[in-house]
Amino acid sequence: MTAADALDRTLLLMRDHVQDSVSDTELLDALTGVEVALVADRPNVSVQEAQHALIAAATLCARSGACCYLEAPNVPLQGVHAPLYGERLCEGLADLGADLIPDVRFRDGVPAHEIDVALVMGDSPWRGRARHVIRLSGGAWVGCISSAGERWNATGLPFGALAAAGLAAGESFKTAMRRLRASAADPAGFEQYFAPVASAQVELAPAGAPRPTLRLDRFDVVSGGAICHAALYALARVPGLSASVRVIEPKTSDSPDLNRYSLLRRSRLGVRKVDDLASQPLGGLQITGIPLKYDDSTREVIDPLAPFVLVGVDDIPSRWIVQRARPAWLGVGATSHYSAMASFHSSGLACAICLHPRADDDPRPIPTVAFVSHWAGLWLASLLVRCAAGQAPPRNQQQAYLTMLRPDSAGALWQSGVAARVGCPMHCPL
């Protein structure tokens, strides 16, 4: 396989904003020409949450083709860090980098020349040269990027760290897009979309929300795709979370999955997705693979579903079938181009059929990029944790729609309720 094979879905996405005359080679060169430094000192990266932020940011950038330089001490890893192997930070990242996008590696040390982006953990010192310096900070539920970072502290939750990583990875991708500004289809819109962000933050729960006391024995995951990978990636990093998890998915992974599936390594391509997930050390999550598509012909074998179910399939009728099985709680994640969506559905709330009443018959692959799938899965995981702990968001925040190209804008995160539809087969209360 080639880098172009692995980055196929992202090359499709890039075409949304460039002229038709731009070749795939030019798009690929824009992605792989980006140079990113991941920087941390020992006080910051000795904190588990900072490790989550650095590793997620590094792998999201690398999965989009960026050349990544590591400037961090090789400290022992804390907590769950799949798909890394080994016990130390830099060694694990170097090993993973050699098993991701072909010809993309993690390199030791920052070069003397000016690079594109420096992603600096908290208040770690930065002495190199970069066109854009971004500092990552975060709390239990909030992730931040800015020009001034704060020292990382232990919070007991990975969500803020993974949010900061998602923000940083979006800025790296925009750097690649700006290399194509001369070929923009709409120059004014291009500049608006892909201009760098000075500072931004995302809250996955209200400020001051307590660490949840989890009551979650088992849940099901319908799909072994990018969104569910991202959700499991986040959930595995929640200390104390223990659950039996069935992943229901019939397919094997292939080349275009590599840049979006956060737990996938190149050496595992061609393996059944459920077998790969079941083989990974995901902390307290014990994965059982069900290599079937969840539909009317297999429900008799698979049902009953667990009380909590996550769905990350592109196919809308498949979401309807899961909703008709009436799980006590259903979380749905989806992506479209640069946007991510997550919603939850339980008794007294409008169902997933109300939210997605029409099927999309377009059979073409959906254009997307690593950081967008990351956001959908991360938000979905946060909803599961909050709802399982009895801290569900209010009904006017039943769905979230995120477009993180401009996380500093008012429309980057839109939350709302879901209106029940007349004639809904689930008889949702109007």
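Me: Which residues lie nearest the centre of the second largest pocket?

Reply: This is a predicted model, in which local features need pLDDT of at least 70 and side-chain atom pairs count only at pLDDT 80 or more, while totals for chains, interfaces and linings use all residues. Residues are numbered from 1 along each chain as its sequence is written, and side-chain values use heavy atoms, with hydrogens and water left out. A pocket is an open set of points on a 1 Å grid over the protein atoms alone, where a 1.4 Å probe fits, with protein on both sides within 12 Å along at least five of seven lines; lining residues have an atom within 4 Å of a point. The second largest pocket is lined by 15 residues, and nearest its centre lie Gln323, Arg326, Ser346, Ser347 and Leu349.

Me: Which helix gives the most to the lining of the largest pocket?

Reply: The largest pocket holds about 1500 Å³ of space, a volume being the space filled by probe spheres set on the grid points, which are joined across faces, edges and corners. Elements supplying at least two lining residues each include H2 (8-14), S12, S13 and S14 (399-403); helices (H or I, at least four residues) and strands (E, at least two) are DSSP runs numbered from the N terminus. With 4 residues, the helix that gives the most is H12.

Me: Which strands stand at the edges of the open sheet of 8 strands?

Reply: The order is S10-S9-S8-S11-S12-S13-S14-S15, with mixed pairing; two strands pair if DSSP finds at least two bridges between them. Each edge strand has a single partner, so one side of it is left without a neighbour in the sheet. These edge strands are S10 (285-290) and S15 (413-416).

Me: In what sense do S8 and S11 pair?

Reply: S8 covers residues 218-222 and S11 covers residues 308-311. Val221 stands opposite Leu310 in S11. Over 4 bridges, the sense of the pairing is parallel.

Me: What angle does the direction of H9 make with that of S8?

Reply: H9 (residues 226-236) packs on the sheet and touches S8, S9, S10, S11 and S12, contact meaning heavy atoms within 4.5 Å. Axes are lines fitted to C-alpha atoms, for helices over the stretch in contact, and angles run from 0 to 180 degrees between N-to-C directions. The angle with S8 is about 155°.

Me: How many residues of H9 are buried?

Reply: Buried means under 20% relative accessible area (1.4 Å probe, protein chains only). Among the buried residues are Cys228, His229 and Tyr233. H9 is largely enclosed by the rest of the structure, because its buried residues number 11 of the 11.

Conventions. Buried < 20%, exposed > 50% of the residue type's maximum accessible area, 1.4 Å probe, protein only.
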